[in-house]
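Hi everyone, thanks for making time this morning.

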Amino acid sequence: MALDGVFQQTHKPSFLAERELVRVVHNDACVEVEGNWYSVPWKLLKQRVSVLLRDQQVLIRHGGRVVARHERVAANRRHRSVLRGHWDGLVPAPQQDLAERSLPSADGASCVGSASTTSPPCGGGTRRRTGVMRSSELARSLAVYAAEVGEEVAA
């Protein structure tokens, strides 16, 4: 009887379930994982990175160090999570700020703030989105992105 009570009290496994993947950083400074996109610093364009998937977190490593830490989003939501600073030098700061202010939270307030690995993302109650941007607000021509990575775009 005592053992039944123990099993009923613990709903989480006694071990940490992780999955590690290798991804190449796309030209938009993001890696695709489970139908969602997570940003990395833009200087890692076209580099291989290690993606560690945990229950609630996505850790992205390059060269043995963590370069990005994102809250994990349910698979196939086509969600893009971009942390402030990852697109600096690739997208002008005024466009980043405009995109950040335009994102609504679940309670209707605008999501504002700088990126933090400890702050929760927007989307629940009065929580605020931290450093995540809408990609449509950041649209630039392919030639601009290609110039940043030193490629030529066929006209």
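Let's start with the charged side chains: R19, E34 and R72 are linked in a network of salt bridges. Keep in mind that this is a predicted model. E34 sits in the loop between strand 2 and strand 3, while R19 belongs to strand 1, 15 residues away. The other part joins R72 to E34, with the closest N and O atoms 2.8 Å apart. R72 is in the loop between strand 6 and strand 7, so this pair ties together parts that are 38 residues apart in sequence.

How exposed is E34? Its relative accessibility is 22%, so E34 counts as partly exposed. R72, at 26%, is partly exposed as well.

In total, the structure holds 5 salt bridges. Another one of them brings together D28 and R80, at 2.5 Å from N to O. Those two are 52 residues apart, with R80 in strand 7.

Now to the inside. The largest nonpolar core has 23 residues, and V25, I60 and W87 are among those with the most contacts inside it. Strands 2, 3, 4, 5 and 6 each supply at least two of the core's residues.

Strands 5 and 6 also pair with each other, antiparallel, over 6 bridges. In their hairpin, G63 takes a positive phi near 60°.

One caution to finish: the average pLDDT is 73, but over residues 104-130 it is below 50. Where pLDDT is low, the predicted coordinates should not be read in detail.

Notes:
Residues are numbered from 1 along each chain as its sequence is written. This is a predicted model: local features need pLDDT of at least 70, side-chain atom pairs count only at pLDDT 80 or more; totals for chains, interfaces and linings use all residues. Side-chain values use heavy atoms; hydrogens and water are left out. Two strands pair if DSSP finds at least two bridges between them. Helices (H or I, at least four residues) and strands (E, at least two) are DSSP runs, numbered from the N terminus. pLDDT is the predictor's confidence in each residue, from 0 to 100. Contact means heavy atoms within 4.5 Å. A nonpolar core is a set of buried Ala, Val, Leu, Ile, Met, Phe, Trp, Tyr and Cys residues joined through side-chain atoms within 4.5 Å. Buried means under 20% relative accessible area, exposed over 50%, partly exposed in between (1.4 Å probe, protein chains only). A salt bridge is a side-chain nitrogen of Lys or Arg within 4 Å of a carboxyl oxygen of Asp or Glu.
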